[in-house]
Amino acid sequence: MEETKMKFIDHLDELRKRLIITSISFVLSFIVSFIFVKDIYHFLVKDLDGKLALLGPGDIIWIYMMIAGVMAIAATIPIAAFQLWQFVKPALTKEEQKHSLAFIPSLFFLFIIGIAFGYLILFPIVLSFLTGLIDDQFATFFTAEKYFKFMFNLTIPFGFLFEMPAVIMFLTKLGIINPKKLVKARKISYFSLIVISILITPPDFISDVLVIIPLLLLYELSVTLSKIVFRKRLASESNVSPNDTAFKV
């Protein structure tokens, strides 16, 4: 009992250490982002006609903090993933350590790709569609707070959702899931992704379709990648060619 208790305390200390490193990385990234936040702001509003409005003197600080926070999250993701890898490393085999470490850069790049998709493709289409509904009946008046909340609500979720293939490949590599389970869960997964897409987009059919289709394609891509990883895993365990251990679903 005493030995088990000591091991548990050691695990908690190690977890605390990893959380502290991740938190410090986020704070430092936030500070650096805040230094350049004006440049980032001008980049994000460069395509706008006119200027965004502020309803109070303190609004600009809140907006700058939102922008710096998003940049800090993006910069902290690979660091957080590496700290998580360091925490679970003792429980992994040498081969699992090697392969799981290789997934960390992909988490960062997929997050950036997801945000880019939301910002460059989805956001302009949805914004154009909604402003088109206004026509000449209303005076268009965007506040900076509402504008950036709308932008981040459409872009940030995609950063995390686009990491689905890398996460599924990683879990398949560790043997936690396999392609057969993913195929069996396809209907439930589709339903969950559709619900997510409806929740994170404005209440119009075009926005929902623009989000649902990429998410479903991401899931199918994840299943395909899981099959590839699963074949290689079986082949390495049985020391035979991957073609001889093809997984069919």
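Reader: How many salt bridges does the model hold, and what makes a pair count as one?

Author: The model is predicted. The count comes to 3 salt bridges. A pair counts when a side-chain nitrogen of Lys or Arg is within 4 Å of a carboxyl oxygen of Asp or Glu.

Reader: Why is the pair R18 and E14 called a salt bridge?

Author: The N to O distance is 2.7 Å. The cut-off is 4 Å, so the pair qualifies. Both residues lie in helix 1, 4 residues apart, about one turn of the helix.

Reader: Is R18 buried or exposed, and how do you know?

Author: R18 has a relative accessible area of 12%. Buried means under 20%, so R18 is buried. E14 stands at 24%, between the 20% and 50% limits, so E14 is partly exposed.

Reader: What makes E145 and K149 a salt bridge?

Author: Their closest N and O atoms are 3.2 Å apart. That is within 4 Å, so the pair counts. Both lie in helix 6, 4 residues apart. E145 is partly exposed at 27%, and K149 is partly exposed at 37%.

Reader: Which parts does the salt bridge between R186 and E220 tie together?

Author: The closest N and O atoms of R186 and E220 are 2.9 Å apart. R186 lies in helix 9 (residues 186-200) and E220 in helix 10 (residues 205-238), so the pair ties together parts that are 34 residues apart in sequence. R186 has 26% relative accessibility and counts as partly exposed. E220, at 24%, also counts as partly exposed.

Reader: Why is helix 3 called roughly parallel to helix 6?

Author: Helix 3 (residues 59-88) and helix 6 (residues 144-161) pack at about 10°, with axes 10 Å apart.

Reader: What makes helix 4 roughly parallel to helix 5?

Author: Helix 4 (residues 94-101) and helix 5 (residues 103-134) pack at about 20°, with axes 5 Å apart. That angle is under 35 degrees, so they are roughly parallel. H99, S100 and L101 meet F103, I104 and P105.

Reader: How do you know that F26 can belong to the nonpolar patch?

Author: F26 has a relative accessible area of 31%. Patch residues need over 30%, so F26 passes. F26 lies in helix 1. Helix 1 (residues 2-35) gives the largest share of the patch, 8 residues. The patch, including I20, I73 and F160, has about 990 Å² of accessible area together.

Note on methods
Residues numbered from 1 in each chain as written. Predicted model: local features only at pLDDT ≥ 70, side-chain atom pairs only at ≥ 80, totals over all residues. Heavy atoms only, no water. Patch = residues over 30% accessible without salt bridge, like charges linked within 9 Å, V, L, I, M, F, W, Y side chains within 5 Å. Areas by Shrake-Rupley, 256 points an atom, 1.4 Å probe, with all protein chains shown as cover. Helix = DSSP H or I, 4+ residues; strand = E, 2+ residues; numbered from the N terminus. Buried < 20%, exposed > 50% of the residue type's maximum accessible area, 1.4 Å probe, protein only. Axes fitted to C-alpha atoms, helices over the stretch in contact; angles between N-to-C directions. Parallel < 35°, antiparallel > 145°, perpendicular 65-115°, else oblique. Contact = heavy atoms within 4.5 Å.
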